[in-house]
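Please look over the sequence and the structure shown here before reading the notes below, which are grouped by topic.

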Amino acid sequence: MSKDWKKIAKASGMGISEEGLDRIAQTLDGLEQNFRPLVRTLQPETDPAPVFRAAPEDAA
Amino acid sequence: MTLLEAASALRRGEVSSAELTAAALAAIERLNPATNAMQLVVADAARAEAHTADGELARGAGRGPLHGIPVAFKDLFWTKGVRTTAGSKIFAAYVPEYDATVVARLRSAGAVLIGKTGMHELAYGITSSNPHFGAVRNPWDRDRIPGGSSGGSGAAVAAGMAFMAMGSDTGGSIRIPASFCGVVGLKPTYGRVSRYGAMPLGFSLDHVGPLTRSVRDAGAVLNAIAGYDPQDGSSSRRPVENYVPDMEPSIRGLRIGLPENFYFERLDPEVNAAVRRALGTAESHGGEIVPLRVPDIHAINTVARTILLGEASAALEPHLEKRDQFGADVLALLDQGRLLPAPDYINAQRLRRVMQREFAALWTRVDCLFTPTTPTTAPRIGETTTTIAGENEDVRLAATRLVRGINLLGLPAVSIPYGSDRRGLPIGLQIIGPPFAEALILRVAQALVPAEVPVPQL
């Protein structure tokens, strides 16, 4: 599902110029294209880490 | 002269801190107009600190190898009583009341603060062409960028204005300028060095580390700054170790991973050749080269970008209404982050867990990985696209392509200069290790590079 970034930006009243919107929409579309398939691979039991640790056993 | 050589000379009484500081200030006066590496110089305070250090050294009250050594900090580290702008108009008049932990630790080790280095606005970019404070220029070719966002730190160290300049790295911002400026840049493991008092960009991606003219110098600085800090919630309680490698360390029997995918796929041929020469040198020193496939770095970079977009916009949320105070490139990134839905950020953090697990499996097969730091040498100032192996690529995405993912994984990595291209521009080699293996990657780096990196003729 592609997103209409320009509409979302306008609705949130961010004050971005038309030219800026074009650039942002293009970049976010590109990111979305790469990111969405990754999200589909997530298993329900995978939690996000509230404080990231480089090694799991390193909890302070 | 390297930091540790200067420290030895200080201990032997062959030079004073006042002389080292005067030489650094003279270098700044001579070279800063051409490079803009230093954004703020605190000459009087530095002379006073050097005088104090000389007195302490004369009384036999030496505090270790950094005592009396002139150093600089990227202008996003809080320095008590000294303006800290983060390269931003928003913080142009901000004077912190505290030192960042790394500043405090280096001060307590006796280092002399000579000033603050220029940077990409808010550390959110890789050119260091700052719209408010001017472009930092590469000492090897002043028409080229030094990289970023710690571009002033890279340029200052390369040009001999400081023995060490502290940098920060959220998506390559220590290693990219190290690569483009021909110096050593160390990004420690996430949690190894406190982030307290470093203006945040990506809370879970920001790392703090030194840029130096030798590998051993980077280890000496890490010795002074590593260790638990209760003021940083992500700080690790793991014990620190001695990070300074021997002058001629052995790497015999070490398993060095050579990625078969991603890292060598789209490179300037001279960069490719230099990294493969480094692998040959490592092998001749007894290292075992292990070709292997690495997890999907493109996916890892995608997740890192998603997290950074969300975290940076969150960090700067209180200022986002002042749109005219931001440079165009930074504002565009901040706007993108504001549009990112919350579930995307959370799912990116979940994917990070999976990717961390996948990547960790590599360390059963190899002790470290060799990759290029950047796919090209330094681009020209103002260039927005670059052609690599016949393909056009955005300069920012190209410069971060081989380094950004390592921030997501929190792994230690060092960039060392390894040869130069036909124009004489430095090429960077990246050595990546498992979590908290800083001593190991510095040992490997020391085995490969000369005692001091080449110096540009300015």
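**Chain A and a helix pair in chain B**

Chain A holds two helices and zero strands, where helices (H or I, at least four residues) and strands (E, at least two) are DSSP runs numbered from the N terminus. This is a predicted model, in which local features need pLDDT of at least 70 and side-chain atom pairs count only at pLDDT 80 or more, while totals for chains, interfaces and linings use all residues. Residues are numbered from 1 along each chain as its sequence is written, and chains are lettered from A and ligands numbered from 1 in the order in which they are written.

**Chain A and its contact with chain B**

- Of the 60 residues of chain A, 17% count as buried, that is, with 20 or more other C-beta atoms, placed from the backbone, within 10 Å of their own.
- In the contact between the chains, 28 residues of chain A meet 33 residues of chain B, two residues being in contact if their C-beta atoms, placed from the backbone, lie within 7 Å.
- On the side of chain A that touches chain B, the elements giving two or more residues are α1 (5-11) and α2 (18-39) of chain A, and the largest share, 10 residues, comes from α2(A).

**Two helices of chain B**

- The axes of helix α7 (residues 215-225) of chain B and helix α14 (residues 438-448) of chain B come within 9 Å and cross at roughly 160 degrees, the axes being lines fitted to C-alpha atoms over the stretch in contact, with angles from 0 to 180 degrees between N-to-C directions.
- α7(B) and α14(B) are therefore roughly antiparallel to each other, a term for angles over 145 degrees.

Conventions
A residue is buried if 20 or more other C-beta atoms lie within 10 Å of its own, exposed if 12 or fewer, and partly exposed in between; C-beta atoms are placed from the backbone. Angles under 35 degrees count as roughly parallel, over 145 as roughly antiparallel, 65 to 115 as roughly perpendicular and the rest as oblique.
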